[in-house]
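Hi there,

Here is the structure I promised to pass on. Have a look at it first, and then read on for what turned up.

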Amino acid sequence: MTTFLQQLVNGLSLGSIYALIALGYTMVYGVLRLINFAHGDVYMVGAYVGYYLSRLLQRKEPSLASALLVMLGSMIACALLGVLIERLAYRPVRKEARLTLLITAIGVSLFIENVAQLVFGPDPKFFPSLAPRTDFRFGGMRLTSEQITVIAVSLLLMVLLRFFIMKTRTGKAMRAVSFSLDAAKLMGISTDWIISVTFALGSALAASGGVLIAMQIPKVDPLMGIPYGLKAFVAAVLGGIGSVPGAVLGGLLIGTSEVMVVGYLSSTYRDAIAFGILILVLILRPQGLLGRVHKEKV
Amino acid sequence: MRGWIAAAGVFVGLLFLNGVFVGSVFPGFALPPYLLQVLCLAGINITLAVSLNLINGFTGQFSIGHAGFMAIGAYASAYFTVTFGEALRSALGFLPEFARDGAVLLVALTIGAVLASIAGFFVGVPSLRLRGDYLAIVTLGFGEIIGVVILNIDAVGGARGYSGIPKLANFFWIYLFAAATVLVVHRIVHSSFGRTLVAIREDEIAAEAMGVHTTRAKVISFVVSSAMAGVAGGLFAHYLMYINVRSFTFLKSFEIIIMIVIGGLGSITGSVLGAVLYISLTEGLREFAQYRMVLFSLLLIILMIVRPQGILGHKEFVTFLTKRRRSLGAAPGTPGA
């Protein structure tokens with residue numbers, strides 16, 4: 001029983017990172033109907049910005065303030081990157097066929113990955129620890145301080161996001177755009193601005209996920225965005241793409257099932273489980289757990 | 001009748017070229033082995049690109065797991081040749097040497113194609129019922145799963161890769177199958193079934209309203225495309241004599257996509273052009289290997305912004321030059337779309 005609980009905690013901690021990344025996928029899909037392939041790479045850039053910031057701050061003792069600074073810095077940098085990607089690559093082709101948009105997204109993803117290999121170097125780098133590590137024990141379970149940080153930070157960010165979307169004017173506009181872009185435009189909403197805000201928010205969340213995972217593993221490498229990006233996307237589809245609570249639920253489910261498969265079956269199948277789930281979801285409930293059915297109209 | 005003469009002409013012509021390149025026709029002249037290898041890999045990529053164009057370009061669905069089907073074809077056919085090749089060869093003892101090689105290769109490729117198309121069926125059925133972008137992500141995931149599964153099969157070498165495959169494929173076989181792929185896709189696209197595929201690409205709902213069984217048509221097109229990728233994988237294995245899972249990751253799928261997008265989605269000659277261009281550029285830029293993919297990805301983004309239909313668009317090469325005939329499937333009222 002304690003092993004099971006231990007696995008559950010590990011799974012929830014991994015799952016909250018998937019959830020943070022999945023939120024970006026689902027939000028962008030909500031406003032643009034686009035699978036943003038470059039999202040996983042934004043997450044990787046977030047981890048690298050965190051890496052360089054913490055190297056910069058490492059002269060001092062690891063403290064909560066520097067950890068906070070690293071996290072915020074990388075979130076801001078990635079928010080800018082997300083807005084830049086949308087402005088330079090996606091906006092010029094937004095009116096084209098959806099296939100064109102998808103190919104552009106693949107191009108952006110390949111571009112970031114390859115530039116990252118040039119700039120950051122192809123080898124993984126060791127991520128310095130930001131805060132002193134302590135282990136907490138409950139019964140037979142072991143909770144590391146990183147796991148607690150991951151769960152707490154992602155919970156906080158999700159609550160903030162929920163507040164932003166439901167209670168602010170911009171959030172309301174965002175919901176309107178995701179309901180119908182054209183109608184929102186007719187109502188006087190500046191859709192370009194809302195799309196930019198969506199990319200900024202999603203990318204910032206991905207960056208926080210990047211820093212959190214880099215603290216845990218603890219390393220960064222230029223292709224780390226691919227497996228996490230893919231699984232987070234599966235999480236978004238599982239929860240119902242376009243649905244914000246769905247992304248969180250999907251992330252937690254994917255993370256937990258991955259850890260359970262590794263713990264009870266075999267670690268070689270850890271990357272296959274998410275896609276097995278994806279295919280099952282598509283057969284049984286294509287709109288996802290919390291998604292709404294969209295009737296396609298002419 | 002004309003078709004058969006043309007086919008015989010291609011057959012003899014390829015045999016002759018093969019002889020010239022390996023140096024058995026004109027003594028003293030042979031293509032440098034490096035050039036011959038580049039040429040052969042280009043041929044395999046033509047098969048891959050043209051087959052992917054059937055689903056991505058003509059049917060308008062977006063698969064990014066073509067390398068996964070290629071991997072199935074490669075591993076299945078290689079496993080057959082290594083395990084049963086000798087037995088089949090001795091059973092066919094009455095045939096001359098090259099015919100026995102050919103027979104083993106053909107059986108191996110058939111097995112690879114059949115297995116790849118079965119996989120295509122099981123991937124296609126759940127995802128093709130839904131909107132286009134689900135296929136993209138399912139095929140991507142499928143490619144990853146195939147990699148994981150192959151890594152765990154020790155009989156085909158797992159992570160060490162699979163070596164000891166006899167070299168049965170050569171220039172002749174590779175280009176014979178490239179020509180066959182071009183012919184088959186050309187015939188499909190110009191049949192009434194091909195018109196339904198183009199109709200699905202242009203407007204799925206309208207096609208459905210016209211009585212097209214869209215899911216069925218999409219699945220058939222996907223299965224045919226997967227089978228051809230399986231053949232290409234089999235040729236790849238029997239040409240290089242060694243395969244590794246790392247050759248079939250999604251980066252390979254992205255490469256094939258870049259080829260067809262550069263050439264023009266929905267243009268067979270465009271895919272051939274794209275494959276040849278891509279291979280020439282990658283080989284030509286070998287010294288700048290680390291900048292190569294940066295260049296290609298940037299090219300892809302810029303191409304999407306400036307000319308989203310690719311170099312040839314929906315047109316075939318001849319029509320592109322003369323611009324007289326309307327190209328297949330160009331939307332009415334949009335000349336040159």
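**Inside the core**

Leaving out residues up to four places away in sequence, A:Val234 touches A:Ile254, A:Ala274, A:Phe275, A:Ile277 and A:Leu278; two residues are in contact if their C-beta atoms, placed from the backbone, lie within 7 Å. A:Val234 is, with A:Cys78 and B:Ile174, one of the residues with the most contacts inside the largest nonpolar core, which has 207 residues. Such a core is a set of buried Ala, Val, Leu, Ile, Met, Phe, Trp, Tyr and Cys residues joined through C-beta atoms within 7 Å. A residue is buried if 20 or more other C-beta atoms lie within 10 Å of its own, exposed if 12 or fewer, and partly exposed in between, again with C-beta atoms placed from the backbone.

A word on the ground rules: this is a predicted model, where local features need pLDDT of at least 70 and side-chain atom pairs count only at pLDDT 80 or more, while totals for chains, interfaces and linings use all residues. Residues are numbered from 1 along each chain as its sequence is written, with chains lettered from A and ligands numbered from 1 in the order in which they are written.

**Chain A**

Chain A has eleven helices and four strands; these are DSSP runs, numbered from the N terminus, with helices (H or I) of at least four residues and strands (E) of at least two. Buried residues make up 53% of its 298 residues, and its C-alpha trace spans about 60 × 45 × 35 Å along the principal axes.

Helix H5 of chain A (residues 145-167) has 23 residues and reaches 32 Å from first C-alpha to last, close to the 33 Å expected at 1.5 Å a residue, taking the span as 1.5 Å times one less than the number of residues. Among its buried residues are A:Glu146, A:Val150, A:Leu157 and A:Leu161. The buried residues of H5(A) pack against helix H1 (2-32), strand E3 (141-144), H8 and helix H10 (244-264) of chain A.

**Where the chains meet**

The contact takes 33 residues from chain B and 34 residues from chain A. On the chain B side, H5(B) gives the largest share, 13 residues. That side divides into 24 nonpolar, seven polar and two charged residues; Ala, Val, Leu, Ile, Met, Phe, Trp, Tyr, Cys and Pro count as nonpolar, Asp, Glu, Lys and Arg as charged, and the others, Gly among them, as polar.

Happy browsing!
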